[in-house]
Structure formats: structure tokens, C-alpha cells
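Have the structure open as you read.

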Amino acid sequence: MKTMQWAARAEHLGGIPRKMMFLAVGAFSKAVSNLFNNTTVHNADTLLRLVRSRPPGVPLLTISNHMSTLDDPVMWGFKGFPVTDAKLGRWVLAAEDICFKNMALSYFFRLGKCIPITRGGGIYQEHMNEALDRLSDGAWLHTFPEGKVCQEDAPIRRLKWGTASLISRAPVTPIVLPIVHHGFEKVMPEKYMFGRRPPFPLCNRDIRIVIGEPMEFNIPKLKKMAVDMSNDVSFSPAGWPRTCGLDEAAQRCLYTNISNQIRTAMERLRKICKCCQEMKD
């Protein structure tokens, strides 16, 4: 009951609660991003184009690093982005233990098109199927494949396989768009006062968002490579179901390959973001 999937439906109460939620949260995001802080976005046109006018039925999967609890929705609050538009708005995977702790929070985040994910629950947990359904609908889904907030200035960590599994299992392979940002860790630091986050977002910080180029994955070719590679793989089976014609060993090879490609693209963007920040400083 806590996950309230019914509240996430577009027709819930005529869609009015969702529209009001996006208007309110979108206004908050724009204020934090543009009024109280300085946000610079590189290659914003690519994201705008894919959100507004991609081919019918083709899903969009955006992927980013995770610097603070404010990353989403504030990262969509930059000038010119339709963050208040509930129809265009993204779906996003959200930690169940944080965003769905009680009925009120569950309803709030469901209206905001959030899908609960149990961290450590594996790639075949119940709500991953819900995320897969959204991709099947041709919708826009955002994920944080690092799995948790990390405010260190460090290379992109090893990515969880959930995102790669969604890419490979989707009926229509999504357009994958990597994004890296810097500065949200200063707007909402994890340890600000007495080891806790500040009660409100901090002001006068520089936020930089670098949007990459779309990534295309030839899934049939990658599956064949995974089958060939799996013959030499040794691992402790987790009891995964056979999916997309692949056994567990081949799935592990496939998800590792896709995740490594995404991580390489994100690390490249991170270096660009860092270089731009150093030039500004």
C-alpha cells in the first residue's frame, strides 16, 4: 500500500494533483537553480530536443552522477527547461527507504512520477518491472546508477547493473543520454551543521551541468558478445531468471559491458565539468 502505484497514474483525479505537484516543485527548482544560485548548462539543446521531440514510441533514459538529495528535481530547473510540465516530466527511480517511508511521502513522490526502488534489492525486484513498463510506453526515465549520494570529487564509481538491465530488456532500446553535474553538493551538503544537511538549500553556489551526446546500443550484437564471453566467466550464481534468451552468466557479461560504456562516457563528462570549473576559478 505504501508504494501507492495508483497515485502515479496520469488519470488519478483527472491529473490535477500531478499538474499541481509539477508546478510547485518546478517553481522551487527554478528558484534554487536560477534565482538563488548560478547554474551553467552545456549542451542543453540536446536534452531539450530529446525530451520534446524524439521518434514516437522511443524511450529516453537519462543517467547522471548523484551529488546530493536535491539533484532531482533541481537539475531540471535550468533556464528554458519545461520542468513544470507534468506531461513532459521524467520518471525517476527513488530510494524506497527515503522517499516512501510513510503514506504522505509515498503520495507526494508518486505524484512527482517517482518509482520506488529498494537499494540492495537486486535488478529483478518488483518495481524494476514498473520502470520497464515506463520505457515500454516510450516515456522518459532518469536513473542514478551509482546507487547513492557521493559528494567526493572523485571518478565515477562502478555502476549498478539495474540501468544496464533496463536498457537491454526494454522492447524498444532507449536513447541513452549521460549527464554529469557539479555544485549540488555545495547547495545541499550532507554534513553541514552537526553532521546533518541544512534545513534549506544554500545560496550563491555555482552549479555546472554537462550533458553528453546520445549513446546507441546494438543490443543483439552485445548479447552475442555476452554469450561468447560468458563461457570463460566464473561466478557465484544468484538465481537470476533466464531473460532475453540469456542465462545468468551471459546477463552478467552484458550488463558489465553496457555499464562500463556508460561509466566511460560519464567519466569523460566529469573531466570536462571539472576542467570548466577550474577555468572559472
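What follows looks at aromatic pairs, charges over rings and salt bridges in a predicted model.

## Rings meeting rings

There are 10 aromatic pairs in the structure. One of them joins Phe-78 and Phe-81, a tilted pair with 5.2 Å from centre to centre and 45° between the planes. Phe-78 and Phe-81 are both buried. They also belong to an aromatic cluster, together with Trp-76 and Trp-140.

Another pair worth a look is Tyr-124 with Trp-240. Their arrangement is edge-to-face, at 5.9 Å centre to centre and with 70° between the planes. Which parts does this pair tie together? Tyr-124 sits in the loop between strand S4 (114-117) and helix H6 (126-136), while Trp-240 sits in the loop between helix H9 (219-230) and helix H10 (248-280), so the contact links parts 116 residues apart in sequence.

## Two arginines over tryptophans

Trp-240 turns up again with a charged neighbour: the charged end of Arg-252 sits over its ring, 4.8 Å from the centre. Arg-134 does the like with Trp-91, its charged end sitting over that ring at 5.4 Å from the centre.

Arg-252 pairs with Glu-248, with 3.0 Å between the closest N and O atoms. These two lie in helix H10, four residues apart, about one turn of the helix, and both Glu-248 and Arg-252 are buried. For Arg-134 the partner is Asp-137, again with the closest N and O atoms 3.0 Å apart.

Side chains of opposite charge can pair when their charged atoms come close. The count of salt bridges here is 11.

Over in helix H9, Lys-224 and Asp-228 are four residues apart, so about one helical turn separates them. Their side chains meet in a salt bridge of 3.7 Å, N to O. Lys-224 is exposed, at 56% relative accessibility, and Asp-228 is partly exposed, at 43%.

Finally, there's a network: Asp-153, Glu-267, Arg-270 and Lys-274 are joined by salt bridges that share partners.

Key:
Residues are numbered from 1 along each chain as its sequence is written. This is a predicted model: local features need pLDDT of at least 70, side-chain atom pairs count only at pLDDT 80 or more; totals for chains, interfaces and linings use all residues. Side-chain values use heavy atoms; hydrogens and water are left out. Rings of Phe, Tyr and Trp (its six-membered ring) pair if their centres lie within 6.5 Å; planes under 30 degrees apart count as stacked, over 60 as edge-to-face and the rest as tilted. Buried means under 20% relative accessible area, exposed over 50%, partly exposed in between (1.4 Å probe, protein chains only). A charge sits over a ring if NZ of Lys or CZ of Arg is within 6 Å of the ring centre and within 35 degrees of the ring normal. A salt bridge is a side-chain nitrogen of Lys or Arg within 4 Å of a carboxyl oxygen of Asp or Glu.
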